[in-house]
Amino acid sequence: MSHMGNIYKEQAEVLTKGEHIYLKNLKEELEKDHLGEYVAIDVDTGIYILDPNRLALVKKAQAQFGDKLFYTVQIGNLSEPTINFRERQNVSWIFT
């Protein structure tokens, strides 16, 4: 059971860090030129990727960031930030 707790704790940390990086470092710049697109942020390095298509973005980010959690949000719309759940743990969200 503690393993699941660790997963949720890690997900919460990625959401918190990702939102902080977005608001502090990226929001103003990205909203000028990329409003409505999606951004994926590696919260450990601050490296980010942009794409107008959320699914394409997730695939690009998984290829670049590897098997780790990253923060994803639509630029200009912070109401639905997400993190990628590791594919082998939960794939269904990609297709819904």
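## Helix H2 and the sheet

Helix H2 (residues 54-65) lies across E1, E2, E3 and E4 and runs at about 155 degrees to E2. Here "lies across" rests on contact, meaning heavy atoms within 4.5 Å. The axes are lines fitted to C-alpha atoms, for helices over the stretch in contact, and the angles run from 0 to 180 degrees between N-to-C directions. Helices (H or I, at least four residues) and strands (E, at least two) are DSSP runs, numbered from the N terminus.

A word on the ground rules: this is a predicted model, where local features need pLDDT of at least 70 and side-chain atom pairs count only at pLDDT 80 or more, while totals for chains, interfaces and linings use all residues. Residues are numbered from 1 along each chain as its sequence is written, and side-chain values use heavy atoms, with hydrogens and water left out.

## The chain as a whole

The protein chain holds three helices and four strands. Read from the N terminus on, its elements follow the pattern α-β-β-α-β-β-α.

Of the 96 residues in the protein chain, 32% are buried; that word stands for under 20% relative accessible area, with exposed over 50% and partly exposed in between (1.4 Å probe, protein chains only). The chain exposes about 5,900 Å², and carbon and sulfur atoms supply 53% of that area. These areas come from the Shrake-Rupley method with a 1.4 Å probe, and for residues only the protein chains shown count as cover. Among contacts between residues at least 6 apart in sequence, 46% join residues at least 24 apart.

## How the strands are arranged

What is the order of the strands in the open sheet? The four strands follow E2-E1-E3-E4, with antiparallel pairing. The edge strands are E2 and E4 (77-83), each pairing on one side only. On average, neighbouring strands of this sheet are turned by 20 degrees against each other, direction ignored. Two strands count as paired if DSSP finds at least two bridges between them. As background, strands of a sheet pair through backbone hydrogen bonds, either parallel or antiparallel.

Strand E1 (residues 38-41) is joined to strand E3 (residues 71-74) by four bridges, and the two run antiparallel. Within this pairing, Ala40 has Thr72 as its bridge partner, and Tyr38 has Gln74. E1 also pairs with E2 in the antiparallel sense, over four bridges, and here Tyr38 stands opposite Asp51. As for the side chains of E1, Tyr38 and Ala40 point one way and Val39 and Ile41 the other way, and all are buried.

## Asp51 on strand E2

Asp51 sits in strand E2 (residues 48-51). Is this residue buried or exposed? Asp51 is buried, with a relative accessible area of 9%.

Its side chain meets that of Lys60 in a polar contact of 2.7 Å. Such a contact is a pair of N or O atoms within 3.5 Å; within protein, one must be able to donate a hydrogen and the other to accept it, and residues adjacent in sequence count only if both atoms are side-chain atoms. Leaving out residues up to four places away in sequence, Asp51 touches Glu37, Tyr38, Ala56, Leu57 and Lys60.

## The loop between E1 and E2

The hairpin of E1 and E2 has six residues between the strands, and Gly46 there takes a positive phi near 85 degrees. Thr45 also lies in the loop between these strands. A polar atom of the Thr45 side chain lies 3.1 Å from the backbone nitrogen of Ile47. The C-alpha atoms of Thr45 and Phe65 are separated by 9.9 Å, with the two residues 20 apart along the chain.

Val43 is found in this loop too, and is buried at a relative accessible area of 11%. Not counting residues up to four places away in sequence, Val43 touches Val14, Lys17, Gly18, Ile21 and Tyr71. Val43 and Thr16 are 27 residues apart along the chain, and their C-alpha atoms are separated by 9.3 Å.

## The aromatic pair

How many aromatic pairs does a search of the whole structure find? The search finds one. Phe65 and Phe70 form that pair, edge-to-face, at 5.6 Å centre to centre with 65 degrees between the planes. Rings of Phe, Tyr and Trp (its six-membered ring) pair if their centres lie within 6.5 Å; planes under 30 degrees apart count as stacked, over 60 as edge-to-face and the rest as tilted.

Both partners are buried: Phe65 has a relative accessible area of 11%, and Phe70 has one of 0%.
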